[in-house]
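Student: I'm new to this one. Could you show me how to read it, feature by feature?

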Amino acid sequence: IHELRRVNRDWVRLSYETSGGSLGGDFDYGVARLDARGYWKLSPEQFLSARVLAGKEVRGELPVQKELYAGGISTLRAHSYKAFRGDRLLLLNVEYAVDLFRSFQGLVFTDAGRAWYHAESPNGPRMPVDVGLGMQTRDERLRLFFGKDAREASSPLFVTLRTQASF
C-alpha cells in the first residue's frame with residue numbers, strides 16, 4: 001500500500017495481499033502487514049535499532065504458505081525457526097550496540113511477540129520475551145548471538161551466527 005523511507009535507513013511499510021474474490025484462483029484471503037524499523041545513532045559509539053512487525057488476516061482463510069510465522073532468526077532469536085504460526089502476528093525487536101574495539105561491537109537485544117490463530121486466542125496469547133547478548137562487526141556482516149527465553153527458566157540457550165543484520 002505504501003512505503004516511507006528516510007535517509008538514516010528508517011522505514012515503514014504497510015502492505016495488503018489478496019487472492020480470490022473477483023480475481024479467482026484456488027485461495028480466497030486477504031492479509032495486511034505493518035513493518036516499521038528505526039535506526040538511531042545515540043553517540044559516535046552507540047546505536048539503537050528497533051522494529052515493530054504486525055500482521056493480520058482480514059478476509060478468508062490463509063493457505064499454509066501464507067500463514068504468519070515467528071521464531072528463529074530475525075524474529076524471536078531464542079526460539080526455534082517458525083516456532084509459532086497463525087493468522088495474527090505481533091513482534092517487537094530492540095537492539096543496542098556499542099563499539100568495543102576497532103570494528104567490533106557488543107550487543108544487547110530483546111525480542112517479544114509471536115504468531116497465533118485468532119480462533120484459539122481471541123484476546124491474544126501470552127507473548128514470549130527473548131533476551132540476549134552478542135557481538136558483531138560494525139558493518140553487521142558477521143553477528144554472533146546468545147539468546148534465552150526470559151519467561152521460561154528451563155529454556156535452552158540459543159546460539160546464532162548470521163552474515164547480515166537481523167532486521
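Tutor: Let's begin with a term: buried means under 20% relative accessible area, exposed over 50%, and partly exposed in between, using a 1.4 Å probe on protein chains only. Here, Tyr39 and Phe167 are both buried. Keep in mind that this is a predicted model, where local features need pLDDT of at least 70, side-chain atom pairs count only at pLDDT 80 or more, and totals for chains, interfaces and linings use all residues. Residues are numbered from 1 along each chain as its sequence is written, and side-chain values use heavy atoms, leaving out hydrogens and water.

Student: What percentage of the residues in the protein chain is buried?

Tutor: Of its 167 residues, 40% are buried.

Student: How many helices and strands does the protein chain have?

Tutor: Helices (H or I, at least four residues) and strands (E, at least two) are DSSP runs, numbered from the N terminus. By that rule the protein chain has 0 helices and 11 strands. Its C-alpha trace spans about 60 × 45 × 25 Å along the principal axes.

Student: How many aromatic pairs does the structure hold?

Tutor: The general idea is that rings of Phe, Tyr and Trp (its six-membered ring) pair if their centres lie within 6.5 Å; planes under 30 degrees apart are stacked, over 60 edge-to-face, and the rest tilted. This structure holds 3 aromatic pairs. One of them is Tyr39 with Phe167, a stacked pair at 6.5 Å centre to centre with 25° between the planes. Tyr39 is in strand β3 (residues 29-43) and Phe167 in the segment after β11 (158-162), so the pair links parts of the chain 128 residues apart.

Student: Why is the pair of Phe109 and Phe145 edge-to-face?

Tutor: Their planes are at 80°, with ring centres 5.4 Å apart, so the pair counts as edge-to-face. Phe109 belongs to strand β8 (residues 104-116) and Phe145 to strand β10 (residues 143-149), so this pair ties together parts 36 residues apart in sequence. Phe109 and Phe145 are both buried.

Student: Which charged end sits over the ring of Phe145?

Tutor: A charge sits over a ring if NZ of Lys or CZ of Arg is within 6 Å of the ring centre and within 35 degrees of the ring normal. For Phe145, the charged end is that of Arg77, 4.8 Å from the ring centre. Elsewhere, Lys82 lies over the face of Tyr69, at 4.5 Å from the ring centre.
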